[in-house]
Structures are given as structure tokens and as C-alpha cells.
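The sequence and structure come first, and the text follows.

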Amino acid sequence: MNLTHWQGRLMLRRPRSEWADATVMLGGGGARGLAHLGAVRAIGHSGLGIGRLVGVSMGALMASLIAAERDVERAESMARDFLISDRYRALQKTVLDAAIGTHGKDETNDRWLRRWRSVFWIQKAISRAARTESLLPATLLETITDELLPDINIEDLRLPLHLIAVDLKTGERISLSEGPLRQAVRASMSIPGIFPAVEIDGRRLSDVGVYDAVPCDIAIDLMSGQGELIVVDVSPTESSNADCRTAIQSILRFQELAESRIRQQQLKLADLVVRPQVGSVAWFDFTNPDPLIEAGYDAAHAVLQQS
């Protein structure tokens, strides 16, 4: 597995009429990352070539799916089909059973979502967090990556792909560009405390998107001064915690503000930023993928027409 550490620098910009193949970064954002599929479809429809994909967290899964399939419409179909499949419903039940206990009940999608939300607010979850490495088992991410991605190495993909994670011990941001694709995606998606870290080459790697959802400086170094950088930022366009009515909301709001400050600084390095209107969709709410996918398409189409 190729592990590279990054510092970051500024890049020069040119008119889009002079662009060749661009580097496209797909940022972190949980379920909101389904918008990446629509955004990449719009980039393809614009005639702009993609020379490299960089993915963070959910963006790592979407970038990997697109790079593996080389057909974004097929990637969209695969994601939709999986989310409505019996396999995914069975996985929902398994994960909830491990987290809070469902006692074998058959959950509807809406009921499952309500119970999932409760994971982070009930005493059992707090107790679990104090006793175990993560609130949820690795099974969830393992099943998702096994279902959606081929069992190949990153370097065997025809489209260059870089997946970003963080070393929990050193705090270094890591670019994964070689080695097992599924393992690298899981490392980039493993939210600290929610999912267990993934060990790669002696490092315990997790999702860097919690605080650095669009690390543009890494992408720029990967580009070595060649081409332009398009960033799809799927951070919430609304906040459900802004009123700070509870202690938990205040803590979450502070995290949002801190992440937003870093994100705004990073986005200044991009040539083009696509921001789909994704509202305040929770990172675990995969119940309605189509509006998110189309929000990505609409946002990218509008930005590309104006640039």
C-alpha cells in the first residue's frame, strides 16, 4: 500500500476553455455523498475529461465505484439497486442488532431510520462507546464495499485514484494509491468512534472527513502542477443543530463550525467548486437517494455552464 504524506501548496488557474483532463475531488459527507454520482455525470456530459479522482470518506466509495465501472450511469444504478435490496435491509437489521438490539424485528425502512437515529442518543450507545472501540461493527462497511466494488488493487484501475484517510496515532493525512481497493475505501470511510479503524502497513487509519472533508492541498500536490481541480463539496447546506437547544446540539454545532472553517480555507485552492443543495440530510440517511443524486447533477451542470 502506497502511503504518502502531504503539506500542500497553491496552484495557478487558467480559463476553462484551456482545460484538459481535470482532477476531481469527491468530499466527505455520508449519505449526502450520493450527490457525487450526479455531479460526475454532469462533468461527463459537459465534455470535460477526468484525469484523476480523489475521494474522502463517502467520496472515496463513490470515486472507487466510478473508477471501477468507468460508467457513471451504471455506478448510479448499482448504488440504487443495492440500497433497495433485501441484502441491504438484512444488513440494516444486523447492524442495529449489534448496536442497540432489535430482537429480530422486521424493520421497515422508515422504522429502521428512526431506530438508527436513536443509536446516538440512548444510554446503551453511551455505555457501548465507553467499553468498545466503535459504536458500530466493521461488518457494515465490509459488506458495502464487498457488494459494490471489485476485489482488485487500486493501481489496477484504468483511472488514477487516490483515497484519503488519517493516521489516528500521528494525525497525518494519508493518500492511498496502491493496494487492495476495498480495504482502502473502508479506511477512508471509518468514522472514528463510529466504525473501528482499519490497519494498513502498521497504521490505524480512519475517516479524515470529520474535520477535513475536502483536503484540496493533497489533491494539488498529486497533480504536480498539471491540470485543474474540481471539488464536489457535499457538506450540509443547512444545520439541524444551529439552535443549540441541547448540550449535544451545542457540541455538534461547534464541530460543524470548526470543520466549516477548515473547509472554506481548503476550497480557496480549487479551480471549480460544486456545492449540491443537500439540506441537512444525516450522514446515515440513505432512504431517498434519487433527490441527492439529481442535486449533484443540477449543481455541477449549473457551475459548468457558468464557468
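## Salt bridges and other local features

E172 is partly exposed, with a relative accessible area of 27%. The model described here is a predicted one. E172 forms a salt bridge with R203, and the closest N and O atoms of the two are 3.1 Å apart. This pair links distant parts of the chain: E172 lies in the loop between β4 and β5 (173–176), R203 lies in strand β7, and 31 residues separate them.

R203 also meets the side chain of D167 in a salt bridge, at 2.4 Å from N to O. Here too the pair links distant parts of the chain, with R203 in strand β7 and D167 in strand β4 (residues 161–167), 36 residues apart. R203 is buried, with a relative accessible area of 17%. D167 counts as buried as well, at 4% relative accessibility.

A further salt bridge joins the side chains of E76 and R80. E76 and R80 are 4 residues apart in helix α3, so about one helical turn separates them. E76 is buried, at a relative accessible area of 4%, whereas R80 is partly exposed, at 23%.

| Salt bridge | N to O distance |
|---|---|
| E76 and R80 | 3.6 Å |
| R203 and D167 | 2.4 Å |
| E172 and R203 | 3.1 Å |

### The second largest pocket

How much space lies in the second largest pocket? The volume is about 220 Å³. The lining of this pocket is made by V40, R41, G44, H45, I50, I66, R70, D71, V72, E73 and L159. By class, 5 of the lining residues are nonpolar, 2 are polar and 4 are charged.

Which helices each supply at least two residues of the lining? They are α1 (35–45) and α3 (72–83). The helix α1 gives the most, with 4 residues.

One of the lining residues, R70, lies in the loop between α2 (58–69) and α3. R70 counts as partly exposed because its relative accessibility is 46%. The backbone of R70 has a positive phi of about 60 degrees, although R70 is not a glycine. Most residues other than glycine have a negative phi.

S224 is another residue with a positive phi that is not a glycine, and its value is about 50 degrees. S224 is found in the loop between α9 and β8 (229–232). With a relative accessible area of 53%, S224 is exposed.

V210, Y211 and I262 make a nonpolar surface patch of about 210 Å². V210 lies in the loop between β7 (203–206) and α9 (216–223). At 32% relative accessibility, V210 counts as partly exposed.

R261 is found in helix α10 (residues 247–267). Is R261 buried or exposed? R261 counts as exposed, because its relative accessibility is 61%. R261 and D212 are 49 residues apart in sequence, and their C-alpha atoms are 9.6 Å apart in space.

### Buried parts of the chain

Helix α8 (residues 181–189) is largely enclosed by the rest of the structure, because 8 of its 9 residues are buried. The buried residues in α8 are L181, R182, A184, V185, R186, A187, S188 and M189.

P276 lies in the loop between β9 (272–274) and α11 (289–306). P276 counts as buried, at 0% relative accessibility. The C-alpha atoms of P276 and G33 are separated by 9.8 Å, while the two residues are 243 apart along the chain.

### Summary

R203 has salt bridges to both D167 and E172. The second largest pocket is lined by residues that include R70, which has a positive phi. Helix α8 is largely enclosed, and V210 belongs to a nonpolar surface patch.

Definitions and conventions:
Residues numbered from 1 in each chain as written. Predicted model: local features only at pLDDT ≥ 70, side-chain atom pairs only at ≥ 80, totals over all residues. Heavy atoms only, no water. 1 Å grid on protein atoms, 1.4 Å probe; cavity = no way out; pocket = protein on both sides within 12 Å on 5 of 7 lines; lining within 4 Å. Points joined across faces, edges and corners; volume = space filled by probe spheres on them. Nonpolar A, V, L, I, M, F, W, Y, C, P; charged D, E, K, R; others polar. Patch = residues over 30% accessible without salt bridge, like charges linked within 9 Å, V, L, I, M, F, W, Y side chains within 5 Å. Areas by Shrake-Rupley, 256 points an atom, 1.4 Å probe, with all protein chains shown as cover. Salt bridge = Lys/Arg side-chain N within 4 Å of Asp/Glu carboxyl O. Buried < 20%, exposed > 50% of the residue type's maximum accessible area, 1.4 Å probe, protein only.
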